[in-house]
Every structure is written in structure tokens, then in C-alpha cells.
Amino acid sequence: MTGVTPDLRTCAIVGAGRLGSALAADLPDVGGPFGRGFDGAGYSVVILAVPDREIARAAEAIAPGPMVGHCSGATTLDALAPHEGFGLHPLMTFGGTATGRSPFEGAGAAIAGTTERALHTARVLATALGMEPFEIADEDRATYHAAASIASNFMVT
């Protein structure tokens with residue numbers, strides 16, 4: 001199943017903040033961004049662009065069937081259970097300023113999946129957004145996110 005490319009027209013985004021809005025703008029065929037309580041009906045892939053503390057709750061609202069992903073750098077894929085899950089973490093911040101080009105273009109994207117198909121979906125989404133995907137293991141997420149946060153914050157200073 002690794003070679004099966006997800007149909008982005010059956011992909012939905014949950015979360016209307018900066019990240020969810022940017023994803024919806026750069027993936028024009030997707031549905032959303034949808035708000036709290038969205039159940040995923042009619043979609044094969046649902047991306048949760050919600051605060052880390054809301055990921056498990058948002059995943060619980062999704063009816064069985066769609067593959068479910070989150071955009072957290074620190075949260076493991078366990079928060080998405082029992083769904084087939086993936087992680088897609090853009091290695092960047094979102095300031096909300098328009099530059100005329102995709103905010104994702106050229107950025108790194110930490111990806112993971114509970115199955116090969118889920119990992120492939122994360123890779124396809126990252127590539128569609130113009131990002132450079134790299135795999136991160138669940139057990140390495142906390143260290144990865146800490147390092148990314150330190151690097152990002154010290155770059156400003």
C-alpha cells in the first residue's frame with residue numbers, strides 16, 4: 001500500500017488558527033478548516049492543526065474510517081488512537097505575514113506514521129506543500145521538538 005497516493009480532495013483540516021488556515025490555503029482541494037467537534041464524515045484523511053493539548057480530544061471526535069494526522073512536533077502518535085495515524089510537523093513558525101509565496105516552501109517537515117500507508121500520506125502532504133520531509137521516530141519526538149524550539153528561539157537572538 002505504500003505506493004497508494006492519497007486523494008487530497010478527500011482531505012480535511014481541523015483547526016482555523018494560523019497553521020490550519022495556512023494548510024487550507026496551500027492545499028486548495030482540501031475541506032475546511034473545520035472547528036471543534038468535526039467528525040470527519042466523507043473524508044479519507046483528516047489533519048488536526050489544533051493545540052497539542054486538544055489533539056486527543058479532536059481525534060476522539062473523528063468517526064472510525066479516515067486516516068488522522070496531527071501537526072505537533074512533541075506529541076506522539078498514540079494521541080490519535082485508535083485511528084491509523086500520521087504526524088506532519090512543519091519545522092517552522094507561522095507569523096501570519098504574506099510574502100507572496102507558500103510559507104511552507106523549502107521548510108523541513110518531521111513525518112511519522114503508524115503504518116507504511118500513513119507514513120506515505122505524511123510524505124505526500126509534505127511534498128505537496130513544498131517541504132522537505134524527514135522521518136522522526138515517536139520515541140525521539142520530545143528530543144527533536146526541544147532541539148527545534150531551542151534552535152528557533154536562539155536564531156532570533
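Ser72 counts as buried because its relative accessibility is 2%, where buried means under 20% relative accessible area, exposed over 50% and partly exposed in between (1.4 Å probe, protein chains only). The model is predicted, so local features need pLDDT of at least 70 and side-chain atom pairs count only at pLDDT 80 or more, while totals for chains, interfaces and linings use all residues. Residues are numbered from 1 along each chain as its sequence is written, and side-chain values use heavy atoms, with hydrogens and water left out.

Ser72 is placed in the loop between β4 (67–70) and β5 (85–90); helices (H or I, at least four residues) and strands (E, at least two) are DSSP runs numbered from the N terminus. The side chain of Ser72 forms polar contacts with those of Asp52, at 3.1 Å, and Thr75, at 2.9 Å. A polar contact is a pair of N or O atoms within 3.5 Å; within protein, one must be able to donate a hydrogen and the other to accept it, and residues adjacent in sequence count only if both atoms are side-chain atoms. Apart from residues up to four places away in sequence, Ser72 touches Asp52, Ile55, His89 and Arg141 (contact: heavy atoms within 4.5 Å).
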